[in-house]
Amino acid sequence: MTINPKYRDNLLGVAAIIALFIGCGNAIEYFLVDKNYLQQDEGNVTKVIHETYGERILYARTEIELEKNKKTFSLKDKADDGGYIEVTEREVIKIYSQQWFQVLFNFQEPGKIYYVERGGERVYNNLSEWKRRAFYYMIVAGGCAIALTLMYFDQAKNISIANWYQKKFGKRKEQLNNS
């Protein structure tokens, strides 16, 4: 089965646009936003689950549910790198987690905890991981967007660096040889 070249070229263009969207979304997160861009949920803690697992490297998982919120907030990381958040039931805390649309361009699970405050004081801070992941996805998706765009122009529009070079400098060589 062969794919019609017209549809293949259109798919390259669509893939380039998607990669550009992902790269731009992560660039905005990396360069322009801070913790206030994240979703903020505040309330009494109704349920806390702390689990540890692993043999050589100890990992921890924390799940938190707030009183007026149907969502479960979670965190999974190495135990000594912040996978454990010290909160107890009936405490009033503020959780900063991903907004629903951020899942579209940074591929993290909804409800992932990045920052926690209790009484205005920081209990947990992992904003550096958020920024690190945004930088990584910005670089990877941006590189893919550039490569796919070049492939699209080469296949669909017959505009490539080699063709451009030939048109630009090939004519000059012909003029110099004819004179």
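Contact, as the word is used here, means heavy atoms within 4.5 Å. The structure is a predicted model, in which local features need pLDDT of at least 70 and side-chain atom pairs count only at pLDDT 80 or more, while totals for chains, interfaces and linings use all residues. Residues are numbered from 1 along each chain as its sequence is written, and side-chain values use heavy atoms, with hydrogens and water left out.

Helices (H or I, at least four residues) and strands (E, at least two) are DSSP runs, numbered from the N terminus. Two strands pair if DSSP finds at least two bridges between them. On this basis six strands make up an open sheet with antiparallel pairing, in the order S3-S2-S1-S4-S5-S6. Strand S3 (72-78) and strand S6 (121-125) are at the edges; each has a single partner strand, so one side of each is left without a neighbour in the sheet. On average, and with direction ignored, neighbouring strands of this sheet are turned by 35° against each other; the axes behind this angle are lines fitted to C-alpha atoms, for helices over the stretch in contact, and angles run from 0 to 180 degrees between N-to-C directions.

The individual pairings can be followed across the sheet. Strand S2 (residues 59-66) runs antiparallel to S3 and is joined to it by seven bridges; Thr-62 has Leu-75 in S3 as its bridge partner. Strand S1 (residues 39-53) pairs with strand S4 (residues 92-97) over six bridges, again in the antiparallel sense, and Gln-40 stands opposite Tyr-96 in S4. S4 in turn is joined to S5 by four bridges, also antiparallel, with Tyr-96 opposite Tyr-115 in S5.

Tyr-115 belongs to strand S5 (residues 113-118). Apart from neighbours within four places in sequence, Tyr-115 is in contact with Lys-35, Lys-94, Ile-95, Tyr-96, Arg-122, Tyr-124, Asn-125 and Leu-127. Of these, Lys-94 is 21 residues away along the chain, and its C-alpha atom is separated from that of Tyr-115 by 8.3 Å.

Aromatic side chains link further parts of the chain. A pair of aromatic rings is described by the distance of the centres and the angle of the planes. Rings of Phe, Tyr and Trp (its six-membered ring) pair if their centres lie within 6.5 Å; planes under 30 degrees apart count as stacked, over 60 as edge-to-face and the rest as tilted. The structure holds twelve such pairs. Tyr-37 and Phe-101 form an edge-to-face pair, at 6.2 Å centre to centre with 75° between the planes. Tyr-37 lies in the loop between helix H1 (5-32) and S1, and Phe-101 in the loop between S4 and H2, so this pair ties together parts 64 residues apart in sequence. Both are partly exposed, Tyr-37 at 22% relative accessibility and Phe-101 at 24%. Tyr-37 also forms a stacked pair with Trp-130, at 6.4 Å centre to centre and 15° between the planes. Because Trp-130 lies in helix H3 (residues 127-156), that pair ties together parts 93 residues apart in sequence. Trp-130 is buried, with a relative accessible area of 2%. Tyr-37, Trp-100, Phe-101, Tyr-114 and Trp-130 form one aromatic cluster.

Leaving aside neighbours within four places in sequence, Asn-106 is in contact with Asn-26, Glu-29, Gln-98, Trp-130 and Tyr-137. Asn-106 is buried, its relative accessible area being 3%. Its side chain is joined to that of Gln-98 by a polar contact of 3.2 Å; such a contact is a pair of N or O atoms within 3.5 Å, where within protein one must be able to donate a hydrogen and the other to accept it, and residues adjacent in sequence count only if both atoms are side-chain atoms.

The cysteines remain to be considered. A disulfide is a pair of cysteine sulfur atoms within 2.5 Å, and by this rule the count is zero. The sulfur of Cys-24 has its closest cysteine sulfur in Cys-144, 13 Å away, which is too far for a bond. Cys-24 is partly exposed, with a relative accessible area of 39%, and Cys-144 also counts as partly exposed, at 37% relative accessibility.

Key
Buried means under 20% relative accessible area, exposed over 50%, partly exposed in between (1.4 Å probe, protein chains only).
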